[in-house]
Amino acid sequence: MIEMQLGFDFELTGRKNIKLALAYSGRLVSYSKELEEQVIDFAELNDDIDMPMKLFSSGMIERLAFAVSVHQQPEILLLDEVLSAGDAKFIAKSERYMQDMLTRTPISLIVHHNMDNIIKFCN
């Protein structure tokens, strides 16, 4: 999760970019309609998911990128400042999800400038 927007095509819809991001990370085999709906629900994009991403706000792009990233099951998780975008409600939800993801991932490496988050997420 170092460059979460890597592989996005801003001419395509958010929905199509979910598949593109999974393909780019080598995880397209894990795609399902259920996974797609989980990503959309987590990102809170609702009907906006079918707009071209070039019409998304920067916050919408960050939420979609984060949602696609955290709905994968990596063996090694590399995080670089991923919890620093979005409104307070989305950040809180993301932190809760990230804490759960860190407990399920065998190896995690976190880069962050907020020492409170380092203490919160690291053991």
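Colleague: Anything to know before we start?
Modeller: This is a predicted model, where local features need pLDDT of at least 70, side-chain atom pairs count only at pLDDT 80 or more, and totals for chains, interfaces and linings use all residues. Residues are numbered from 1 along each chain as its sequence is written, and side-chain values use heavy atoms, with hydrogens and water left out.

Colleague: Thanks! At what angle do H3 and H4 pack?
Modeller: About 15°, with the axes of H3 (residues 58-70) and H4 (residues 88-104) 11 Å apart. Helices here are DSSP runs of H or I, at least four residues, numbered from the N terminus. The axes are lines fitted to C-alpha atoms over the stretch in contact, and angles run from 0 to 180 degrees between N-to-C directions.

Colleague: So what do you call that arrangement of H3 and H4?
Modeller: H3 and H4 are roughly parallel to each other, a label for angles under 35 degrees.

Colleague: Which residues make the contact?
Modeller: On H3 they are Arg-63, Phe-66, Ser-69 and Val-70, and on H4 they are Phe-90, Ser-94, Tyr-97, Met-98 and Met-101. Contact means heavy atoms within 4.5 Å.

Colleague: Switching to rings, how many aromatic pairs are there?
Modeller: Four. Rings of Phe, Tyr and Trp (its six-membered ring) pair if their centres lie within 6.5 Å; planes under 30 degrees apart count as stacked, over 60 as edge-to-face and the rest as tilted. One of the pairs is Phe-42 with Phe-66, stacked at 6.0 Å centre to centre and 25° between the planes. Phe-42 sits in helix H2 (residues 33-43) and Phe-66 in H3, 24 residues apart.

Colleague: Are Phe-42 and Phe-66 buried or exposed?
Modeller: Both are buried, meaning under 20% relative accessible area, while exposed means over 50%. Phe-42 also pairs with Phe-90, edge-to-face, at 5.7 Å centre to centre and 70° between the planes. Phe-42 lies in H2 and Phe-90 in H4, so this pair ties together parts 48 residues apart in sequence.

Colleague: Which residues form the aromatic cluster?
Modeller: Phe-42, Phe-66, Phe-90 and Tyr-97 form one cluster.

Colleague: Last one: where is Glu-11?
Modeller: In the segment before helix H1 (14-24). Glu-11 is exposed, with a relative accessible area of 53%. Beyond its neighbours within four places in sequence, Glu-11 is in contact with Pro-52 and Lys-54.

Key
Helix = DSSP H or I, 4+ residues; strand = E, 2+ residues; numbered from the N terminus. Parallel < 35°, antiparallel > 145°, perpendicular 65-115°, else oblique. Buried < 20%, exposed > 50% of the residue type's maximum accessible area, 1.4 Å probe, protein only.
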